[in-house]
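Visitor: I have a model open and would like to learn how to read it. Please take me through a few features.

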Amino acid sequence: MANTLNGIDLFATVVEAGSFAQAAERLHLTRSAVGKGVARLELRLGVQLFHRTTRSQSLTEEGALFYRHCLRALEEVRLGEAALASNKLTLNGRLKVSMPVLFGQQCVAPILLALAKAHPGLALELSFSDRKVDLVEEGMDLVIRNAEPPDSLDLAARRLGEHGMTLCASPAYLAERGEPVTLAELPEHECIAYLRQGRVLSWWWQEAEAWREVQPRGRLQMDDLNAITQAAIAGFGLAWLPTWLARPHLERGELRELLARLPGRRYPINALWPHGPHLPLKTRLAIDWLASRLSEQLASVNVQIGRAHV
């Protein structure tokens, strides 16, 4: 790209000035330096750009065609420079972000909407999906995921926080079946399992400095956390839910927290974006907002429902 652009500004100045001598004066160069610069450009392009005589110069047909394209290219460069200068003071442009459906709706989108409200020049395009997203192929500026970042040279990542899990059941279910007080009692209960990509996710707690895995068993298996929450409220069994999802139902008494004395597994939340030498201002600011506000929000949730502090 550097070789492609080399000499274009000099060539355009010669055309606009009307002579090599006038161009040299405008560029603060010697006439010889300007002549050699144009000659190198002609050699690289393989065409003659100027008809030269001892008294005058004029563009060849190829030179006139090339000049028209150079004008468009230089105008785009000037517009780009103006946009960058403007963006130093204001945030502009469209930000495309992909995020998990439920977590995105409840936790991520409100933060990004607050960012857009603070910066009227910012447009948001938010995609809510739990599937794997190809950032480059789908033109995403940013992807939020509740998992460890992939080991990829094409992606950059930043940890935004982490969320905990809590075991819940409705008061009606507990009145009928009793409340489990140890992990050993869980197989005696109906458990509502979460399916991800066709696999039932295990439940994990730390007990006696070791991690214990529980495979939930029951009549219901679902691939939607909101549906699992509603089934738990309806009394179908125990549900292992993210703290950010369980909190309002615990506060309203629709669910009760179980085994609160045992620390549960925590899951990372990461922002991913295409790796490159320059991070656009809109993307960098969105990541900063999410990193500060999301971690505080999730820490507050965990404290309020009695889980360990982030």
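Guide: Start with R159, which is partly exposed at a relative accessible area of 43%. Buried means under 20% relative accessible area, exposed over 50%, and partly exposed in between, using a 1.4 Å probe and protein chains only. This is a predicted model: local features need pLDDT of at least 70, side-chain atom pairs count only at pLDDT 80 or more, and totals for chains, interfaces and linings use all residues. Residues are numbered from 1 along each chain as its sequence is written, and side-chain values use heavy atoms, with hydrogens and water left out.

Visitor: Which residue meets R159 in a salt bridge?

Guide: Side chains of opposite charge can pair when their charged atoms come close. The cut-off for a salt bridge is a side-chain nitrogen of Lys or Arg within 4 Å of a carboxyl oxygen of Asp or Glu. Here the partner of R159 is E148, at 3.5 Å from N to O. R159 lies in strand β6 (residues 155-163) and E148 in the loop between β5 (142-145) and β6, so the pair ties together parts that are 11 residues apart in sequence. E148 counts as exposed, at 54% relative accessibility.

Visitor: What are helices and strands here?

Guide: They are DSSP runs, numbered from the N terminus: helices are H or I with at least four residues, strands are E with at least two.

Visitor: How many salt bridges does a search of the whole structure find?

Guide: The search finds 11. One of them joins the side chains of R52 and E42, at 3.1 Å from N to O. That pair links distant parts of the chain: R52 sits in strand β1 (residues 50-52), E42 in helix α4, 10 residues apart. R52 is partly exposed, with a relative accessible area of 41%. E42 is buried, at 11%.

Visitor: Where do R256 and E179 lie?

Guide: First the contact itself: their side chains meet in a salt bridge of 2.5 Å, N to O. R256 is in strand β14 and E179 in the loop between α8 (171-177) and β8 (193-196), so the bridge ties together parts 77 residues apart in sequence. R256 counts as partly exposed at 36% relative accessibility. E179 is partly exposed too, with a relative accessible area of 36%. Salt bridges can also share partners: R94, K96 and E125 are joined that way into one network.

Visitor: Next, the backbone. What is the phi of H28?

Guide: H28 has a positive phi of about 60°, although it is not a glycine. H28 is found in the loop between α3 (20-27) and α4 (31-45).

Visitor: Is L259 buried or exposed?

Guide: L259 is buried, with a relative accessible area of 6%. H28, by contrast, is exposed at 73%. L259 also has a positive phi, near 55°. Look for L259 in the loop between β14 (256-258) and β15 (267-274).
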